[in-house]
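The sequence and structure are shown below.

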Amino acid sequence: MLAFPEPLMDALRVLIFPGLGFSLMFVLFMVWYERKLLAKVQVRVGPLYAGRFEGILQPIADFIKLLLKEIIVPRQADRLLFLLAPTMMMGLSVSLLALIPLSPSFAITDSSVGVLIALALLSLSPLAIVIAAWASNNKFSLIGGLRALHQMTSYAIPLSFSILGVVIMAGSLSLVSIVESQRNTWFVLLQPIGAVVFFLATLAELERVPFDIPEAETEIVMGWETEYSGINYGIIMTAAYVKFYALAVIFTELFLGGWLGPAPIPPPLWTIIKTFLVVTLMMIPRGVYPRLRIDQMFKLGWTWLLPLSLVNIAVVLVEVEVLG
Amino acid sequence: MSELELSIGPQHPGSGHFRLIVHVDGDIIVRATPDPGYVHRGIEKQAEYREYLQNIPLLERPVISDSNGSVYGYVLAVEKLAGVEIPQRAQYIRVMMAELNRIMSHLYWLAIYGIFLGHSTMFMWPFGDREVLIDLAQRVMGTRLTYSFFVPGGVRTDLPDGFKDDALRAITFLESRLPEYDAIFINNPLFTQRTKGVGVLRSEDAIRLGVVGPTLRGSGINADVRKDEPYDAYDQMDFDIPSFQEGDCYSRSLVRIEEIKQSTRIIRQILEAIPSGPFRAKQPALLKPPKGSVYSRVEAARGTYAYFITSKGAKAPYRLKISSPSFRNLPAFPFLMKGSHLADMPTIYWSLDYWPLEADR
């Protein structure tokens, strides 16, 4: 590796790789990739004209369009909170990026309680959503915000419990040591139930299909995003996709052995490849499933995922006892 | 108990040109009041100022997704009034085109049901497949949606050369797609969860509210004008009227899927058995039917579509009244939505296949 002085290296890590620069590029790619993937499922073409290759610059074109639009604040809205909420969401999402190493040498931080901080940041995001919903002063926004609050709080519990299994097995809350402890076997093989629970809870946390209940458009327009337009909407969407990327990386590192892989491919690239596969897996339901109803979502969360995550912890404890 | 009043529409992604005033208590709908009339165009009044032939393009405007079905009843009424004999071939062509339109309308319904339930793939697939049928219809009738093809005495033009092969290819393609719709949507566990037991309309309620069409058949009542009072060549066709007992959104969906299959059956029979001969009875272009009143009804894609026409012997009808299926299904809205979840509102709404333009006329 090139030998730069350590403060410069830190700055490069935060701004370029694996921090902000790379993540935002990956997020733009994800937006394009999702649209193309969905188009293939639906026998359409998808983005085609922006950029030389298959409309790959379409997300950038969209972002520029959103930048150029007027910022509209509803007259009855709470102006300060209305404009603050998207920034808050973006802040929460981007903070997650600091906690996810792509490899031991490409890590912004390696906190000994990294997973815990990530969970804390995730459980703060309903707050930002409720602020946005309330500040919009719109009935549909309010309903959507409350739905999001209910959904995220009830799925945060199975999410945390499914992580608990991994933490018990690795004996650490640091993502670097969790990945390193998978040298022999990936955790997805040792605790498949936990992986499934984490996967579904992540979909709910991200408000992705079939859990896009807070933004069910035929019932409540766009849910808590209804009143947002222009770049505020752009920030909300970017924040959502950054969170999507971060959670996909976390899934990769908790269950799929992160950067562990055969030699010729460098470790960070392994993380990226696996993340890409996880992202694809999380996008596919959007082409296959309709939306759940809110009571069915609760039922799934409390009567299936929560008991399953507890079962997973029991299985993990037995495995730790038996395998040592 | 605290109620929140929501005005769903007329500017709402899930409402159409229509407003539904919904009072919710938490997630439960306390009452829903439909407020139609946003696209009232006075079509019945306009029809009094046009010649009988000029009324045909006007009268298919309320239902562009099923324009043959909407104008069919009018043409039959005028024929009854003027006493015109319709050639056998014209009858067959009309039945075939009406069934083709029924399939297209049901595919449209299926696509929109997909988007109402948040299933974007189901939105795209039937729309793409509908295009095949639209091309077929365009080859016969000249336009994509508003055909003005049925005229008193027969149809406007004869079938083009090689139509049978094209039609068979299109129908075979459609039949190959139906199992895929079942796989991704109708049998999707989340779809059955969302629709089974939702918006239950029992048969006695269906009769009391006077609903028609697939909504009525979804409640277990086997009523269809095509069987009950066959018009044109329907009495020579071999087809079934599907009906399901449960009366929920799921059985209403199954009725429409099953009707697509029955319509392809009818089209296949016609392609085999269509007689040769004139496609239109000889008659003057300016119709002046004798004095009298006439009532006629047909089974359009959404249900019984009926016309009542009074003639005073002039070149335009003295009075024309439309009874459209969407309007007759409107009383089911407040009945079905009361007590259901807010999320079931779009499910119930579109399971009735409500078409605001048709209801408002």
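The sections below set out the conventions, the interface, a hairpin and a helix.

## Basis of the model

This is a predicted model, in which local features need pLDDT of at least 70 and side-chain atom pairs count only at pLDDT 80 or more, while totals for chains, interfaces and linings use all residues. Residues are numbered from 1 along each chain as its sequence is written, and chains are lettered from A and ligands numbered from 1 in the order in which they are written.

## Interface of chains A and B

Contact (C-beta atoms, placed from the backbone, within 7 Å) links 24 residues of chain A with 26 residues of chain B. On the chain A side, the elements that give two or more residues are helix H10 (217-220), helix H13 (285-288) and helix H14 (294-323). Helices (H or I, at least four residues) and strands (E, at least two) are DSSP runs, numbered from the N terminus.

By class, this side of chain A has 11 nonpolar, four polar and nine charged residues. Ala, Val, Leu, Ile, Met, Phe, Trp, Tyr, Cys and Pro count as nonpolar, Asp, Glu, Lys and Arg as charged, and the others, Gly among them, as polar.

## Hairpin in chain B

Strands S2 (residues 19-25) and S3 (residues 28-35) of chain B pair in the antiparallel sense over seven bridges; pairing requires at least two DSSP bridges between two strands. Arg19(B) has Asp35(B) in S3(B) as its bridge partner. Two residues lie between the strands of this hairpin, where Gly26(B) takes a positive phi near 70°.

## Helix H9 of chain A

Helix H9 (residues 192-205) of chain A has 14 residues, which should span 20 Å at 1.5 Å a residue, and the end C-alpha atoms are 20 Å apart, in agreement. The expected span is 1.5 Å times one less than the number of residues. After H9(A) comes Glu207(A), with a positive phi near 55°.

Of the 14 residues in H9(A), 10 are buried, including Phe198(A), Leu200(A) and Glu205(A). A residue is buried if 20 or more other C-beta atoms, placed from the backbone, lie within 10 Å of its own, exposed if 12 or fewer, and partly exposed in between.

Notes. Contact = placed C-beta atoms within 7 Å.
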